[in-house]
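Trainee: I would like to check some labels against their cut-offs. Can we go through them one by one?

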Amino acid sequence: MSTTRPYSPGDRGPESGEGGASGVSGDGVSVSGRPVAPTADGVSVTVSAGDAGVPSAGRSARRLSFEGESGVVPLARDFARQALHAWGWLPAEGADRRAAAEDVLLVVSELVTNACLHAEGPEELRISCDNKVLRVEVSDRGTGQPAPRTPHRAGRPGGHGMFIVQRLCLDWGVVRAPGVAGKTVWAELGAPA
């Protein structure tokens with residue numbers, strides 16, 4: 001289902017804050033302020049655990065800024081893969097867990113690719129997870145409204161991204177902040193059992 005609303009059912013919306021959080025994340029990583037952890041390739045990653053620096057019970061979150069980056073789709077997949085490792089989704093034991101992790105990586109790829117193709121490129125990727133739901137958010141400055149191509153024609157090249165997201169996710173939608181250019185496209189996937 002595609003929706004445009006401030007948040008998904010049962011959720012308070014995108015992870016908020018002023019570009020970072022302070023406290024201790026659900027991963028046990030100390031964070032204080034903006035980018036906290038440069039990865040091996042020099043990309044700055046903000047790890048947070050909730051709003052206003054207050055850790056959330058059982059919820060872990062990570063942010064990746066794409067500012068000045070190239071090759072953002074593989075960068076986003078690598079970032080998501082690292083988060084899945086940190087949260088115990090990978091290495092996956094069994095076919096169901098492996099499929100759940102691959103679905104997350106595919107959704108990340110599709111949302112970031114859509115931002116590249118239709119919205120002047122992504123600005124930020126946020127991934128958060130609790131025991132039941134993993135949420136992917138991609139922010140961009142685009143004005144368009146993502147939607148699955150209707151009717152979907154499997155044999156034609158292109159136009160499958162949002163159809164894939166719709167099929168793999170529990171729910172997805174678009175959040176627009178009043179007075180701010182751009183949007184955040186979010187998607188939620190069920191955590192593996």
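Mentor: Start with burial. Buried means under 20% relative accessible area, exposed means over 50%, and partly exposed lies in between (1.4 Å probe, protein chains only). This is a predicted model: local features need pLDDT of at least 70, side-chain atom pairs count only at pLDDT 80 or more, and totals for chains, interfaces and linings use all residues. Residues are numbered from 1 along each chain as its sequence is written, and side-chain values use heavy atoms, without hydrogens and water.

Trainee: Why does Ala101 count as buried?

Mentor: Its relative accessibility is 0%, so Ala101 counts as buried. Ala101 sits in helix α2, residues 95–118. Helices here are DSSP runs (H or I, at least four residues), numbered from the N terminus.

Trainee: What is Ala101 in contact with, leaving aside its neighbours within four places in sequence?

Mentor: Contact means heavy atoms within 4.5 Å. Ala101 has Leu84, Trp89 and Leu90 as partners on that basis. Leu90 is 11 residues from Ala101 in sequence, and their C-alpha atoms are 7.1 Å apart.

Trainee: How do you know that the span of helix α1 agrees with its 15 residues?

Mentor: The expected span is 1.5 Å times one less than the number of residues. For α1, residues 72–86, that should give 21 Å, and the end C-alpha atoms are 21 Å apart, so the two agree. Buried residues in α1 include Val72, Phe79 and Leu84. Just after α1, Gly88 has a positive phi of about 85 degrees.

Trainee: What makes α1 roughly antiparallel to α2?

Mentor: Axes are lines fitted to C-alpha atoms, for helices over the stretch in contact, and angles run from 0 to 180 degrees between N-to-C directions. α1 and α2 pack at about 150 degrees, with axes 9 Å apart. Therefore α1 is roughly antiparallel to α2. The cut-offs are under 35 degrees for roughly parallel, over 145 for roughly antiparallel, 65 to 115 for roughly perpendicular, and oblique for the rest.

Trainee: Which residues of α1 and α2 meet?

Mentor: Among them are Val72, Ala76 and Leu84 in α1, and Ala101, Leu105 and Val112 in α2. By class, this contact of α1 with α2 has 12 nonpolar, two polar and three charged residues. Ala, Val, Leu, Ile, Met, Phe, Trp, Tyr, Cys and Pro count as nonpolar, Asp, Glu, Lys and Arg as charged, and the others, Gly among them, as polar.

Trainee: At what angle do α2 and helix α3 pack?

Mentor: α2 packs with α3, residues 161–168, at about 145 degrees, with axes 9 Å apart.

Technical notes. Helix = DSSP H or I, 4+ residues; strand = E, 2+ residues; numbered from the N terminus.
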